[in-house]
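These are my notebook entries on one structure.

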Amino acid sequence: MLIDGKTEVYGIVGYPVRHSKSPSFQTAAFQKAGINAVYLPFEVKTEDLEKAVEGIKALSIKGVNVTVPHKEEVVRYLDEVSEEVQLIGACNTVKNIDGYLTGYNTDAYGFIEGLREIEPDFQDKTFLILGAGGASRAVLYGLVKEGVQKIFVANRTIDKVFQIIKDFSKLNRFIQEIIIPVYLDKVEDFLSFADIIVNTTSVGLKDEDPPLFDYSKIQKKHTVVDIIYRKTKLLESAEKKGCMWQDGLPMLLYQGAKAFEIWTGKKAPVDIMRKVLQSD
Ligand code: ATR
């Protein structure tokens, strides 16, 4: 890679970011597309976020991804945000045009494109989504936009599901019939209705995390997606039952591909990005 006076800078803003896979696969994408750019990790503490966003403008950083814990907070420092950001309440991609910052959320797109790989006809299926935080909102936004008609959403804190229904009424006026709130401790009663189960909670990040429900109750007919980037206990159970399953890497890949396209206006070289992600 040749770095010179015209090299453009992109990056990821989060805390921590050391573990992030984005610098390696986005850099590979820039190289493949012949774009003179680098993509760097920027570890930013919460109290420094506003200054960091000013820094994006001052240093003419062309674009950033935003990750935990800044996805919600960053919205208030941007000049404009897309419809997805307004409804999801979180931004993971910022584009800088001459000091004017626009925020996007490519997680919904990432989830849907990943899902298409294992369930191309997902629109007619019944979903059971575990969790009602920021990641869940992105997944739900994608599913509702695609026209999915039945989605059970199970969460420990049920009020968060009601809040999503309220917020998403701008998206679809039948939202109360589409999203059905479920208490997490009753989720096993709803498994038989579901075709596709998606974990959006952080449960499973650590192997010692107690399961969200009795995973032995998963049935072979279920397709199981976990947006965590590796084979969690939930996915192991699904595999044992002979289910179709998917971890969070396809969602990561496609959210990154969409960010690349927003920044560059060019088609993302998805194959090389996938190769780098898989070898990481
Ligand atoms: P993210 O942006 O990654 O979605 P978040 O907004 O903090 O993160 O949401 C975390 C989700 O994981 C929530 O649905 C949370 O449930 P609550 O809304 O009840 O807090 C869920 N979660 C985290 N730890 C959990 C646990 N031990 N058991 C059940 N759900 C859990």
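**Entry 1: backbone**

I placed proline 16 in the loop between strand E1 (8–14) and helix H1 (22–32). Helices (H or I, at least four residues) and strands (E, at least two) are DSSP runs, numbered from the N terminus. The model is predicted, so I note its thresholds: local features need pLDDT of at least 70, side-chain atom pairs count only at pLDDT 80 or more, and totals for chains, interfaces and linings use all residues. Residues are numbered from 1 along each chain as its sequence is written, and side-chain values use heavy atoms, with hydrogens and water left out.

The peptide bond leading from tyrosine 15 into proline 16 is cis, with omega near 0 degrees. I found a cis peptide bond between valine 68 and proline 69 as well, with omega about 5 degrees. Proline 69 belongs to the loop between E3 and strand E4 (80–81).

I also checked phi at serine 60, which is positive at about 55 degrees although the residue is not a glycine. Serine 60 is located in the loop between helix H2 (49–58) and E3.

**Entry 2: ligand site**

A polar backbone atom of alanine 132 is 2.9 Å from an oxygen atom of the ligand. For asparagine 155, a side-chain N or O atom is 2.7 Å from a ligand oxygen atom. A polar side-chain atom of lysine 160 also lies 2.7 Å from an oxygen atom of the ligand. Taken alone, the ligand exposes 640 Å², of which the protein buries 66%; these areas come from the Shrake-Rupley method with a 1.4 Å probe.

**Entry 3: pocket and cavity**

Where does the ligand sit? I find the ligand in the largest pocket, the test being that more than half of its atoms lie within 2 Å of the grid points. On a 1 Å grid over the protein atoms alone, a pocket is an open set of points with protein on both sides within 12 Å along at least five of seven lines, whereas in a cavity a 1.4 Å probe fits but cannot get out; lining residues have an atom within 4 Å of a point.

The volume of the largest pocket is about 1500 Å³. Its lining has 47 residues, and Val68, Ala135, Thr200, Leu205 and Ile227 are the closest to its centre. At least two lining residues each come from strand E3 (63–66), helix H5 (134–145), strand E8 (150–155) and helix H9 (249–264).

I counted one cavity of 30 Å³ or more. Helix H4 (107–118) and strand E11 (223–226) are the elements giving two or more residues to the lining of the largest cavity. H4 gives the most, with four residues.

How values were computed:
Grid points are joined across faces, edges and corners, and a volume is the space filled by probe spheres set on the points. A polar contact is a pair of N or O atoms within 3.5 Å; within protein, one must be able to donate a hydrogen and the other to accept it, and residues adjacent in sequence count only if both atoms are side-chain atoms.
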